Amino acid sequence: MAKSLVIVGGGYVGAELAKGLEEVFDVTLVEQRAAFVHAPAMLRALVDASVREQALIPYDKLLKKGRVVQAKATEIKPNAVVAGGEEIAADYIVLSTGASNGGIFKPGDESIDAFRAAQSKVQGQIEAAERIVIVGAGAVGTELAGEIAYIHPKKSVSLVSSDAALFPGFPAKLGARLAAKLGKMGIDVVLGARVTDLKSTTEPYPGGVTLDTGREIEADLVIPAIGSKPQTTLFETLPGVERGPDGRVKVDPYLRPSSLPNVFAAGDAVDTGDLMTIVATSRQQPWLAKLLKAIATGKTIDSQKAYTPWGKAPILVPLGPEKGNSFLMIATFGDWVTKTAKGKDLFISKYRKLLGYS
């Protein structure tokens, strides 16, 4: 009889792990949302509603042998997950609770319908605004600026970052080339300046901003895009959990977040040494799948190779469907590579196929 595996969180780690292991384990996926939310596409969805519906993908076709329980997990026990009032027995548990972002980029506890409504509201605000300020120039802010400028080239868009350069953790060429392309698209890129009167860190609001340089940017709409926050509340029910300086949960070399030897974790909520990106999960998920398959055949955890994070992690930053730049391990690439790899499709077809939809 197959061992039971309960995976909490149906995002980029959880969904793929559940599908890949249902032939090996008795798999249960616990996910509070009714649909998989393909987050990168939600930036384009703010200017193109048709993208939104392609990137909100139901879980009903994900598993053939396993089951999906739509409920919020509230407690982790040594051999069970408590979710929706049900105690689900588990020989092994994987936590992939992810991270939260602004409510227009990724839903929190709200329903998928509420998320649709929030996105639709902001799409209308973007269409009505003549001048827009985006605060935060990470991947979310930069890509959103590009999407707005591509669809609405006559709008005035400012992108504000407190960093002195775009993407400072990557080779300087990446940020410099992206800044140049944003400038050519008519976007005012403001670097090394902090907003002193930000009224919300999660929700768009009408008005402009004042910078610590003394500059005032008049606008009709301010969109904060200032980073993700790890979702770690569930980890508090585990013994011996420690957090890193950014709030993410620390894990051992085999991605175990606590003193329980059968509980593993991956994704944005945990500090693996990787950045909080989908690229990071694309390394963690296959490694964890391989480890769990080895365990299923009777091998010990300590006999397996420990997890190692990305050295130089790749990143792809489209500016709409045609332009952008990427760093792929050894070099920085431009429009064609970025468009072909991500910009044109945003990986929507990949994740629709994963969840059983064409």
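**Entry 1: helices α1 and α7**

I looked up how helix α1 (residues 12-21) packs against helix α7 (residues 278-296), and I found an angle of about 30° with the axes 9 Å apart. I note that the model is predicted. Angles under 35 degrees count as roughly parallel, and I therefore recorded α1 and α7 as roughly parallel to each other.

Sorted by class, the contact of α1 with α7 comprises eight nonpolar, three polar and two charged residues.

**Entry 2: glutamate 23**

I located glutamate 23 in the loop between α1 and β2 (26-31). Its relative accessibility is 58%, so I count glutamate 23 as exposed. I found a polar contact of 2.8 Å between the side chains of glutamate 23 and lysine 65. I also checked the separation of glutamate 23 from glutamate 203: they lie 180 residues apart in sequence and 42 Å apart in space, taken C-alpha to C-alpha.

**Entry 3: asparagine 262**

I placed asparagine 262 in the loop between β18 (249-250) and β19 (263-265). With a relative accessible area of 10%, asparagine 262 is buried. Leaving aside residues up to four places away in sequence, I found that asparagine 262 touches Pro78, Asn79, Ala90, Asp91, Tyr92 and Ile93. For aspartate 91 I noted a further detail: the side chain of asparagine 262 reaches the backbone oxygen of aspartate 91 at 3.0 Å.

Conventions:
Residues are numbered from 1 along each chain as its sequence is written. This is a predicted model: local features need pLDDT of at least 70, side-chain atom pairs count only at pLDDT 80 or more; totals for chains, interfaces and linings use all residues. Side-chain values use heavy atoms; hydrogens and water are left out. Axes are lines fitted to C-alpha atoms, for helices over the stretch in contact, and angles run from 0 to 180 degrees between N-to-C directions. Helices (H or I, at least four residues) and strands (E, at least two) are DSSP runs, numbered from the N terminus. Angles under 35 degrees count as roughly parallel, over 145 as roughly antiparallel, 65 to 115 as roughly perpendicular and the rest as oblique. Ala, Val, Leu, Ile, Met, Phe, Trp, Tyr, Cys and Pro count as nonpolar, Asp, Glu, Lys and Arg as charged, and the others, Gly among them, as polar. Buried means under 20% relative accessible area, exposed over 50%, partly exposed in between (1.4 Å probe, protein chains only). A polar contact is a pair of N or O atoms within 3.5 Å; within protein, one must be able to donate a hydrogen and the other to accept it, and residues adjacent in sequence count only if both atoms are side-chain atoms. Contact means heavy atoms within 4.5 Å.
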